[in-house]
Amino acid sequence: MPVRPVLRMGDARLLRRAEPVSHFGGEELLALLGDMRDTMQATRGVGLAAPQIGVNLRVVIFSVRPPQADREKSAARYPDAEAVPETVLINPVITRLGDEIEEAWEGCLSVPGLRGLVPRLRNIRYQGCDEYGALIDRTVSGFHARVVQHECDHLDGILYPMRIRDMAKFGYNEELFPGRTMPDA
Ligand code: NI
């Protein structure tokens, strides 16, 4: 499955509202997910949404390995990263659980080289389907919840810089975090 070019901020295709998937388990959807997995691995991302490779469907994937499983010493994970299971999430619905908001640094494959401090709900429930139509229903918090909110925002044409409250907390990786490589989503 080919690695696909990731669209960058400024491309109008990142600003569309993506369409729901209506047919599960088909060849086309499975091929899309193959491309998305390969693209996410090649770019060392923690998540990827279909619109980021120009496919206007409500499909996201994400996966965060626990830090000790990471053999790449050069790629230090998010400092507060906890493991997030490899997930295919289609037609997601996010429900807020409480009003607690947390700010943390995010990066995005569509906004390469930059990082910003982004407020997100701390606790959410998310529901959706996998590629075969099996239901997913999870209640999560913290980093896992952040990754899901970041990826699902892509399905509504929202990139994380649009959510930054203090633009003084937006800048280049090398300046903000010298000597550290952090994954994007
Ligand atoms: Ni992103």
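A polar contact is a pair of N or O atoms within 3.5 Å; within protein, one atom must be able to donate a hydrogen and the other to accept it, and residues adjacent in sequence count only if both atoms are side-chain atoms.

First, the ground rules. This is a predicted model, where local features need pLDDT of at least 70 and side-chain atom pairs count only at pLDDT 80 or more, while totals for chains, interfaces and linings use all residues. Residues are numbered from 1 along each chain as its sequence is written, and side-chain values use heavy atoms, with hydrogens and water left out.

Now the protein. There are 3 helices and 8 strands, taken as DSSP runs numbered from the N terminus (helices: H or I, at least four residues; strands: E, at least two). Their order from the N terminus is α-β-β-β-β-β-β-β-α-β-α. The C-alpha trace spans about 45 × 40 × 35 Å along the principal axes.

On to one residue. Glutamine 149 sits in helix α2, residues 142-154. Is glutamine 149 buried or exposed? Its relative accessibility is 9%, so glutamine 149 counts as buried.

What does its side chain meet? A polar atom of that side chain lies 2.9 Å from the backbone oxygen of leucine 121. For the backbone oxygen of alanine 145, the distance to a polar atom of the side chain is 3.0 Å. Beyond neighbours within four places in sequence, glutamine 149 has contacts (heavy atoms within 4.5 Å) with Ile94, Arg120, Leu121 and Ile124.

Terms used: Buried means under 20% relative accessible area, exposed over 50%, partly exposed in between (1.4 Å probe, protein chains only).
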